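Subject: A structure for you to look at

Hello,

Here is the structure I promised to pass on. Please open it next to this note, and then read on for what turned up.

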Amino acid sequence: MDDLLKKLNVLVKATLNDALTGDSRRSKLVSPNTDTPSAVQEGNQQITQLRQRINETLAFEDELQKQIQALQAEVTDWDSQADTAVNDGDDAKARYAVEQMQRAQERLAMAKSDLAEHERVTQELIYHVNTLEAAVDAAKQKQTDDASSS
């Protein structure tokens with residue numbers, strides 16, 4: 001999933017740069033004027049697709065949150081089992097429970113780290129999509145202004 005977000009981030013940055021500078025080789029091949037209706041329409045289509053991807057990434061974040069909650073419950077359960085084993089005088093069972101608790105804590109820490117990184121990348125993607133949308137809106141406004149002054 002990280003690779004997908006990195007690729008989307010690169011795509012959004014490139015598209016945004018192209019929209020702002022008008023330096024898209026692809027756009028120039030299609031049309032020398034990047035403010036044409038087809039360029040604006042293409043920008044809107046890309047924004048729609050990117051918004052769908054953002055919704056998917058937000059859903060994935062919900063999944064990560066559920067995994068974190070499950071891991072927290074697992075840590076609590078192993079801790080409780082370790083306490084019970086210590087109270088019962090079963091050192092082997094207590095050691096095993098502590099080892100399992102530590103493994104669950106490691107997985108929990110990794111899941112929290114993954115979630116934090118995912119949230120950061122998602123927020124960055126949302127920012128770039130919003131910036132792209134503003135650039136497309138500016139191009140639409142320029143089209144409208146050019147059409148009304150002609």
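Accessible areas here come from the Shrake-Rupley method with a 1.4 Å probe, and for residues only the protein chains shown count as cover. On that basis, the protein chain has an accessible surface of about 9,800 Å², with 49% of it belonging to carbon and sulfur atoms.

Two notes on the ground rules. This is a predicted model, in which local features need pLDDT of at least 70 and side-chain atom pairs count only at pLDDT 80 or more, while totals for chains, interfaces and linings use all residues. Residues are numbered from 1 along each chain as its sequence is written, and side-chain values use heavy atoms, with hydrogens and water left out.

The overall picture

The protein chain has 4 helices and 0 strands; helices (H or I, at least four residues) and strands (E, at least two) are DSSP runs, numbered from the N terminus. Along the sequence the pattern reads α-α-α-α. Of the 150 residues in the protein chain, 29% count as buried. Buried means under 20% relative accessible area, exposed means over 50%, and partly exposed is in between (1.4 Å probe, protein chains only).

Contact means heavy atoms within 4.5 Å. Among contacts in the protein chain between residues at least 6 apart in sequence, 83% join residues at least 24 apart.

The nonpolar cores

A nonpolar core is a set of buried Ala, Val, Leu, Ile, Met, Phe, Trp, Tyr and Cys residues joined through side-chain atoms within 4.5 Å. The largest one has 12 residues in all, among them Leu 64, Ile 68, Trp 78, Met 101 and Leu 115. Helices α3 and α4 (91–149) are the elements that give two or more residues to this core. There is also a second, separate core of 10 residues, which includes Ile 47, Leu 50, Leu 132 and Ala 139.

Leaving aside residues up to four places away in sequence, Ala 104 touches Leu 71, Glu 74, Val 75 and Trp 78.

The aromatic pair

Rings of Phe, Tyr and Trp (its six-membered ring) pair if their centres lie within 6.5 Å; planes under 30 degrees apart count as stacked, over 60 as edge-to-face and the rest as tilted. A search of the whole structure finds 1 aromatic pair. Trp 78 and Tyr 96 form this edge-to-face pair, at 5.7 Å centre to centre and with 80° between the planes. The pair links distant parts of the chain, as Trp 78 is in helix α3 and Tyr 96 in helix α4, 18 residues apart. Trp 78 is buried, with a relative accessible area of 15%, whereas Tyr 96 counts as partly exposed at 44%.

Charged residues

How many salt bridges does the structure hold? There are 6, where a salt bridge is a side-chain nitrogen of Lys or Arg within 4 Å of a carboxyl oxygen of Asp or Glu. In one of them, Arg 51 meets Glu 133, with the closest N and O atoms 2.6 Å apart. Arg 51 lies in helix α3 and Glu 133 in helix α4, so this pair ties together parts that are 82 residues apart in sequence. Both partners are partly exposed, Arg 51 at 26% and Glu 133 at 30%.

Others sit within a single helix. Arg 53 and Glu 56 form a salt bridge (3.4 Å, N to O); both lie in helix α3, 3 residues apart, about one turn of the helix. In helix α4, Glu 124 and Arg 120 are 4 residues apart, about one helical turn, and their salt bridge has its closest N and O atoms 3.2 Å apart. Glu 117, Arg 120 and Glu 124 are linked in a network of salt bridges.

Please take a look at Glu 61 in helix α3 too. Glu 61 is buried yet has no salt bridge, and the nearest side chain of opposite charge, Arg 120, is 11 Å away. For charge, Lys and Arg count as positive and Asp and Glu as negative, while His and the chain ends are not counted. Not counting residues up to four places away in sequence, Glu 61 touches Leu 115, His 118, Glu 119 and Thr 122.

Best wishes
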